[in-house]
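Colleague: Please take me through the words used for this structure, and show how each is decided.

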Amino acid sequence: MASKVYFSKTITPEKVLEMYNLLGVELPGKVAVKLHSGEKGNQNFLGPDFWKPVIDHVGGTVVECNTAYPGARDVTERHEQLMRDHGWADHFNVDIMDGEGPDLQLLIPGGKIIQKNFVGKNLAKYDSLLVLSHFKGHPMGGFGGAIKQLSIGIASSYGKKHIHGAGDAKLGFKGDHMGFLEAMADAASSVAKRYAGKAVYISVMKNLSVDCDCCAKAEDPCMADIGMLASLDPIAIDQAGLDLIYAQKDDPGLPHMLERIESRQGAHTIEAAAELGFGSREYELVEIE
């Protein structure tokens, strides 16, 4: 069955909240809000002012996990300082979910590459999940959207190495590439299934760089802003985002973006996720003003 994905060309904080409301759900209990806090030096990430209306509406806690690479977010104390520096802690409650161990282990019985996902233990505190994605390119995954937020984003620092290493954390970023893409799908499935019926996904196609918000020195955007998407299906929203990229035939930056996505086999993550059955690549795009 095709999943519904709402789309608007308007990109404003108020429109984010409107699109959340269009989905017709209220997230129950304590809400974890997963977004990208932005690496120190990154110029493209979407900041707290942009997300404030929808986060305030759900009364959510902004959650992050430490990175697996050196930077301003690899150690809890530095990460917490960056959350202050970027203004997140001024507006919201913030939780570095793997700030203290041990990791929470989520089993993946049907995982193709990994059978366990190591996530920040504080995920257990939350009853529902709001995933706010900045859809853009990515140096390793080709692109980043909802599936990446569910997998790498919620994985602990160790869990990120486990996914990148396709099940061998010692390999880390040197793991088999296709195995890494499929391990992302496996990891995402464990979180999506944990919050089935209690998760909302919103993706913003703005500041479209080939690089991720995790890059301290990211390329400037190469494509014009496209719009925003909202869905209850993380696979459908990523497929819709990818299709919208391909639809921008007149954008001079399209070849550069497609080279990044296709050279990293980015679409394979969506394909692998669909095989796991926690969403669908088939979707109905509902355009609103």
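Modeller: What follows is a set of terms, each set against its cut-off.

Modeller: This is a predicted model, in which local features need pLDDT of at least 70 and side-chain atom pairs count only at pLDDT 80 or more, while totals for chains, interfaces and linings use all residues. Residues are numbered from 1 along each chain as its sequence is written, and side-chain values use heavy atoms, with hydrogens and water left out.

Colleague: Why are α5 and α8 called oblique to each other?

Modeller: Helix α5 (residues 146-153) and helix α8 (residues 234-246) pack at an angle of about 125°. Angles under 35 degrees count as roughly parallel, over 145 as roughly antiparallel, 65 to 115 as roughly perpendicular and the rest as oblique. The two helices are therefore oblique. Their axes, which are lines fitted to C-alpha atoms over the stretch in contact, are 7 Å apart.

Colleague: Which residues of α5 and α8 meet?

Modeller: Contact means heavy atoms within 4.5 Å. Ala146, Ile147 and Leu150 in α5 meet Pro234, Ile235, Ile237 and Asp238 in α8. The residues of this contact divide into six nonpolar, no polar and one charged.

Colleague: What makes Ser156 buried?

Modeller: Buried means under 20% relative accessible area, exposed over 50%, and partly exposed in between, with a 1.4 Å probe and protein chains only. Ser156 has 1% relative accessibility, so Ser156 counts as buried. Ser156 is found in the loop between α5 and α6 (157-164). Leaving aside neighbours within four places in sequence, its contacts include Cys65, Asp98 and Phe118. A polar atom of its side chain lies 2.9 Å from the backbone nitrogen of Gly159.

Colleague: Is Gln265 buried, exposed or partly exposed?

Modeller: Gln265 has 41% relative accessibility and therefore counts as partly exposed. Gln265 is found in the loop between α9 (254-263) and α10 (267-276).

Colleague: What about Asn207?

Modeller: At 19% relative accessibility, Asn207 counts as buried. Its phi is near 50°, a positive value in a residue other than glycine. Most residues other than glycine have a negative phi.

Colleague: How do you know that α7 is mostly covered?

Modeller: In α7, 14 of the 18 residues are buried. Gly179 is found in this helix, and Gly179 is buried with a relative accessible area of 5%.

Colleague: What is the span of α7, and what span is expected?

Modeller: The expected span is 1.5 Å times one less than the number of residues. Helix α7 (residues 177-194) reaches 26 Å from its first C-alpha to its last, close to the 26 Å expected.

Notes:
Axes are lines fitted to C-alpha atoms, for helices over the stretch in contact, and angles run from 0 to 180 degrees between N-to-C directions. Helices (H or I, at least four residues) and strands (E, at least two) are DSSP runs, numbered from the N terminus. Ala, Val, Leu, Ile, Met, Phe, Trp, Tyr, Cys and Pro count as nonpolar, Asp, Glu, Lys and Arg as charged, and the others, Gly among them, as polar. A polar contact is a pair of N or O atoms within 3.5 Å; within protein, one must be able to donate a hydrogen and the other to accept it, and residues adjacent in sequence count only if both atoms are side-chain atoms.
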